[in-house]
Protein chains: 2
Amino acid sequence: MKKIVKQDQDVIKQHNKQMILDIIKKQRPISRAELAKITKMSATSVGRFVSELCEEGLVQETDLTSSGVGRKAVQLDIIADAVYTVGVEIEKKRIKFGMMDFSETVVEHHRVAHTALESSPEETAALIGREISGLIKKCKISPEKVVGIGIGVPGVIDYEKGIVQFSSTLGWKNVPFAVLVEQILGIKTVIDNDLKVKILSEYLYGSAKGSTKTTLIGIGTGIGSALIIDGEIFRGGSNSAGELGHTTLDPNGNLCECGKRGCLQTYVDENALITEARRVKEITDIGQVFEAARADERWAKEIVSRTALYIGITINNIVCMYNPDTVILSGDLIENYTEIVDLVHEHCEQVIWEPFKGTFRIIASELKAEAIVIGAGALALQHFAPLAGADFA
Amino acid sequence: MKKIVKQDQDVIKQHNKQMILDIIKKQRPISRAELAKITKMSATSVGRFVSELCEEGLVQETDLTSSGVGRKAVQLDIIADAVYTVGVEIEKKRIKFGMMDFSETVVEHHRVAHTALESSPEETAALIGREISGLIKKCKISPEKVVGIGIGVPGVIDYEKGIVQFSSTLGWKNVPFAVLVEQILGIKTVIDNDLKVKILSEYLYGSAKGSTKTTLIGIGTGIGSALIIDGEIFRGGSNSAGELGHTTLDPNGNLCECGKRGCLQTYVDENALITEARRVKEITDIGQVFEAARADERWAKEIVSRTALYIGITINNIVCMYNPDTVILSGDLIENYTEIVDLVHEHCEQVIWEPFKGTFRIIASELKAEAIVIGAGALALQHFAPLAGADFA
């Protein structure tokens, strides 16, 4: 529904200034004349906005001048160290950090061990606070330049209120985690579901660059998905869209911990494979299944092949529902046992509904282990960087 | 991704004028003072836009004045017969028409028999042309007031290009149907998938009013779905999002006409019920199954109950994927045999994943048989009414 918002001079000014800054960021270095050409603004308007951005310490003239024909023009660039954000990923056994500058480059990575289920949310927030303080010192950044923190959390997240509603990985229920972190460091904090952060990352910097409708499937100890449409994360009514794990694959199938029959996660995730393998052999670890499959043991090959078939079916179901142009396969199961991707492609020939064949591509995650840290930094930049949120679109 | 579009005075003016017109439409009658209050515009600006809208013949002062305290104010209303659109629904055996005025009221309904599979697209377009000409005459509308035609078509539709890519109901493949109709009448025409038109209708005027994330499930001779988010139809990459019928319900299940196993449509749609019933009894019609179920015949009760269970599972899968606040059940199967809705509710208790319980409501379609005609008229109005498309949001 159209929002009832009057538009006036201030709104236009903010919009156009943000647009100039975005173009400088994406096409740097760039001259004032090129900016005028791209934006169709007058030289005067461009000049005024550029001056303001220079005064605000976000943009500077570089030593470079444009090549090519005609008069040489001074080139403009953003000031990469004008502003920083910190991207954080909370996993079961460790926390990862990345310091991202204004050019959206992660200038420093950091990770610490951590036992999620044995720590209270307050202890985890305190740990994150200490580590980020250390990271800021290590990078020799003046603290006021760090404008925001973004955190990717496995679970159901109330993104707007900053609450972890439910996370079985962390053992948390209704934890106002954004505020906990904010209070420790005095830095604005945004949290989101880890797969939603991951797809943002792949869309901005990884395998989904240039895609307009992307789905990401994450398979590890659990299975989930995320969707991004024209640059916007698809959230559904309460930020829970994409909860693949408890869709029904077989109404008469395996009993799931949720009490229903035939949930997808009972067929595809790492726990499902281990449960299945144990019908035959006392294994402790998913790696043993793939080792046995590589050694041509029939039971293991059957498990791996069936998993690939079910991932193919999952892709078909996703494509029927979302009609994306790109499907990204990600998560530990995919990234550690890459042979499964070829098998998935083979099965897809049979399980994708004919009219959708050729309408999308299946690719592997490009940023892999760093995707969430990078995406979380970018999420914080989108929220808290100067001019951010100025746009009313 | 942010669009690179400069904003200037003209853009603001169009946006604000459109906003004034929309508010008059929704809250009519309304005074200039109320408009200023809602939009936060100055009295001068409101006055100027209202004058323009009056000059353009879209808005007029009414005889009414506001009640309540204070000085009486002249009320404004849109002119309902300023502009018309025609909504059309093409079904297998008939075509329905509705003449919609600028107040979004269908002032005249009309339907003709038609045998889709025996007619060429050109013959169908010619029939639609003749019937609309007749309808315009019958309603005594001057033809230039009819600014657009909207058509809901069962199948995969390239909405932007106006092409029916594939419709098994009509037996068409890659038919540029919008142009065919446009050429006959000289009236701009937009076509879309029937369920997408139907959900627009329910969102604007029916059971989903006020919902922000709505899914519609349509079950008849086939099963499909549509999604609307914040007033926008969710289209996916090629307008094919929501193709439920060929998602897999059981990897080892029934063979589908598409060559895959276990497609949802082989369990839930009317053909599936007939096929299942014929294992026991030579029936010719879905009504016989429900008759037998009402007469307490065990085989029929089993089929109806299983269908309700599978519809429940479908709702769970939809809710996990889309996370809507409202699920609308529609289509012949639901509308002709309403007893199934209670059964679906009963099964949902078991098959909805716990975290989603209470996050959405399940309701029946309100506009039923007229939904597509009304939605198609509204779609044409959104596309072709004066000021439409002026907004850049």
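Phe234(A), Tyr322(A), Phe234(B) and Tyr322(B) make up one aromatic cluster. The model is predicted. Chain B superposes on chain A by a rotation of 180 degrees with 0.1 Å of shift along the axis, at an RMSD of 0.1 Å. That is the relation of a two-fold axis.

**Chain arrangement**

- Asp250(B) is the residue of chain B that comes closest to the rotation axis, with its C-alpha at 2.3 Å.
- Both copies use the same surface, since 100% of the contact residues of chain B recur in chain A.

**Aromatic pairs**

- Over all chains, the whole structure holds 14 aromatic pairs.
- One of them is formed by Phe234(A) and Tyr322(B), which are edge-to-face at 6.5 Å centre to centre, with 85 degrees between the planes.
- Phe234(A) belongs to the loop between strand S14 (232-233) and helix H7 (265-268) of chain A, and Tyr322(B) to helix H10 (residues 298-322) of chain B, so this pair joins two chains.
- Phe234(A) and Tyr322(B) are buried.
- Within chain B, the ring centres of Tyr267(B) and Tyr310(B) are 5.3 Å apart and the planes stand at 85 degrees, so this pair is edge-to-face.
- Tyr267(B) is in helix H7 (residues 265-268) of chain B and Tyr310(B) in helix H10 of chain B, so the pair ties together parts that are 43 residues apart in sequence.
- Tyr267(B) is buried, with a relative accessible area of 6%, and Tyr310(B) is buried at 4%.

**Charges over rings**

- Lys25(B) is placed over the face of Phe102(B), 4.3 Å from the ring centre.
- Arg235(B) is placed over the face of Tyr159(B), 3.5 Å from the ring centre.

**An open sheet in chain B**

- The strand order is S6-S5-S4-S7-S11 (chain B), an open sheet of 5 strands with mixed pairing.
- Strand S6 (106-113) and strand S11 (189-193) of chain B are at the edges with a single partner strand each, so one side of each has no neighbour in the sheet.
- On average, neighbouring strands of this sheet are turned by 20 degrees against each other, direction ignored.
- Strand S7 (residues 146-153) of chain B and S11(B) run parallel and are joined by 5 bridges.
- Ile149(B) has Thr189(B) in S11(B) as its bridge partner.

**Helices across the sheet**

- Helix H5 (residues 177-185) of chain B lies across strand S4 (84-90), S7 and S11 of chain B, at about 150 degrees to S11(B).
- Helix H6 (residues 194-205) of chain B lies across strand S5 (94-101), S7 and S11 of chain B, at about 100 degrees to S11(B).

How values were computed
Residues are numbered from 1 along each chain as its sequence is written. Chains are lettered from A and ligands numbered from 1 in the order in which they are written. This is a predicted model: local features need pLDDT of at least 70, side-chain atom pairs count only at pLDDT 80 or more; totals for chains, interfaces and linings use all residues. Side-chain values use heavy atoms; hydrogens and water are left out. Copies are superposed by least squares on the C-alpha atoms of residues with pLDDT of at least 70 in both. Contact means heavy atoms within 4.5 Å. Rings of Phe, Tyr and Trp (its six-membered ring) pair if their centres lie within 6.5 Å; planes under 30 degrees apart count as stacked, over 60 as edge-to-face and the rest as tilted. Helices (H or I, at least four residues) and strands (E, at least two) are DSSP runs, numbered from the N terminus. Buried means under 20% relative accessible area, exposed over 50%, partly exposed in between (1.4 Å probe, protein chains only). A charge sits over a ring if NZ of Lys or CZ of Arg is within 6 Å of the ring centre and within 35 degrees of the ring normal. Two strands pair if DSSP finds at least two bridges between them. Axes are lines fitted to C-alpha atoms, for helices over the stretch in contact, and angles run from 0 to 180 degrees between N-to-C directions.
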